Amino acid sequence: MELFQVKGKVCLVTGGGSGIGYGMALALVKHGAKVYICSRDMKKLQATADELTKRGPGSCYAIEADISKQENCKKVAEAIAAKETRLDVLVNNSGCVWGEALETFPDSAWDKVIGLNVKAVFNMTVACLSLLRAKATVDDPSHVINIGSIDGIRVPVLETYSYSASKAAVHQLTRTLANRLATDYILVNAVACGPFHSKMTKSTFEQFRDTILDGVALGRFGDNDDLEGMTIFLSSRASKYVTGAIIPLEGGVLIKANL
Ligand SMILES: NC(=O)c1ccc[n+]([C@@H]2O[C@H](COP(=O)([O-])OP(=O)(O)OC[C@H]3O[C@@H](n4cnc5c(N)ncnc54)[C@H](OP(=O)(O)O)[C@@H]3O)[C@@H](O)[C@H]2O)c1
């Protein structure tokens, strides 16, 4: 099989109906993969799946699920197992954020953010293990791609205490799972994203657009081309010697020198 080839691969992108997950699902469908997307808003999800299928050669299917609950991660894996004999690529992308002042930051913002951003990454990976193991080989491994963040590496600009802690946890979970699953030929990597337009970032970008762009060396937001390049690399044989890596996709936020 060609190096940068995902044609015919079976993929699951959590939160694939919007934002970064949408861009990654689109990339996979454009390159001929069969992509399942899951999240809570089934109406939106189904419309996105239909739209993506039209943009094929690949195809896209919607599964309704609130994956913050472990039993729902299992249900998503069972729904895929009912139709497929394997899963080649799992993108753990669904996530949420909470911003609030230190003094009033609520306990519930820890449960919500850690529950989705960290626990669901673990639960979905475990739920999909037998599908991920099914056809993985040293020459054509399966891939788990976790969506991390620059805010899990540097100190965040805003007061998003549970979010930045959750993304640092995702990075470390990525390394731990990569070590544990290497002998199953399942590669586990994280993409530390910088600023991309999405539902989650809409109001923040409206308020702080110039400040945010000042902090990006390349001076722009990320786009679907940027997601496509990274997604095809990390989903294909091109990355078969890469595991446990936290790969920045952030236009140089982390190397921007401040005068
Ligand atoms: N955009 C950025 O600048 C940026 C930067 C760094 C990292 N990230 C990360 O990128 C990922 C995607 O975020 P985004 O920016 O693209 O925002 P987004 O468009 O709001 O995407 C979040 C996705 O998660 C899904 N989701 C939320 N709660 C869920 C639940 N309980 N169960 C299943 N799915 C759920 C949402 O779908 P439903 O509402 O239908 O459930 C939505 O599709 C997140 O992990 C985020 O932390 C984003």
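Predicted model: local features only at pLDDT ≥ 70, side-chain atom pairs only at ≥ 80, totals over all residues.

**The sheet and what surrounds it**

Modeller: Ring pairs join Phe 105, Trp 110 and Tyr 161 into a cluster.

A search of the whole structure gives 4 aromatic pairs. One of them is formed by Phe 105 and Trp 110, with 6.1 Å from centre to centre and 70° between the planes, which makes it edge-to-face. Phe 105 is buried, because its relative accessible area is 13% and the cut-off for buried is under 20%. Trp 110, with a relative accessibility of 34%, counts as partly exposed. Phe 105 also pairs with Tyr 161: the ring centres are 5.5 Å apart and the planes stand at 90°, so this pair is edge-to-face. Phe 105 sits in the loop between strand E4 (89–92) and helix H4 (108–127), while Tyr 161 belongs to helix H6 (residues 161–181), so the pair ties together parts that are 56 residues apart in sequence. Tyr 161 is itself partly exposed, at a relative accessible area of 29%.

In general, strands of a sheet pair through backbone hydrogen bonds, and the pairing can be parallel or antiparallel.

Take E5 next. E4 pairs with strand E5 (residues 142–149) in the parallel sense, over 4 bridges. Val 89 has His 143 in E5 as its bridge partner. E5 and E6 run parallel and are joined by 8 bridges. In E6, Cys 193 is the bridge partner of Ser 149.

How many residues of E5 are buried? The count is 8 of the 8, so E5 is largely enclosed by the rest of the structure. In a regular strand, side chains alternate between the two faces of the sheet.

The loop between H6 and E6 holds Tyr 185. Most residues other than glycine have a negative phi. Tyr 185 is not a glycine, yet has a positive phi of about 60°. Tyr 185 is partly exposed, with a relative accessible area of 37%.

Strand E1 (residues 10–14) pairs with E2 in the parallel sense over 5 bridges. Here Cys 11 stands opposite Val 35 in E2. In strand E2 (residues 34–39), 5 of the 6 residues are buried, so E2 is largely enclosed by the rest of the structure.

Thr 14 is also in strand E1. Thr 14 counts as buried, at 1% relative accessibility. A polar atom of the Thr 14 side chain lies 2.8 Å from the backbone nitrogen of Asn 93. Leaving aside residues up to four places away in sequence, Thr 14 touches Cys 38, Ile 67, Val 91, Asn 92, Asn 93, Ser 94 and Met 124.

Asn 93 brings us to the ligand. The ligand is surrounded by 28 residues, and the closest are Ser 39, Arg 40, Asn 93, Tyr 163 and Ser 198. An N or O atom in the Arg 40 side chain is 2.7 Å from an oxygen atom of the ligand. Ser 198 has a polar side-chain atom 2.6 Å from an oxygen atom of the ligand. For Asp 66, a polar side-chain atom lies 2.8 Å from a nitrogen atom of the ligand.

Notes:
Residues numbered from 1 in each chain as written. Heavy atoms only, no water. Phe/Tyr/Trp six-rings, centres within 6.5 Å; stacked < 30°, edge-to-face > 60°. Buried < 20%, exposed > 50% of the residue type's maximum accessible area, 1.4 Å probe, protein only. Helix = DSSP H or I, 4+ residues; strand = E, 2+ residues; numbered from the N terminus. Pairing = 2+ DSSP bridges. Near = heavy atom within 4 Å. Polar contact = N/O pair within 3.5 Å; in protein donor to acceptor, adjacent residues only side chain to side chain. Contact = heavy atoms within 4.5 Å.
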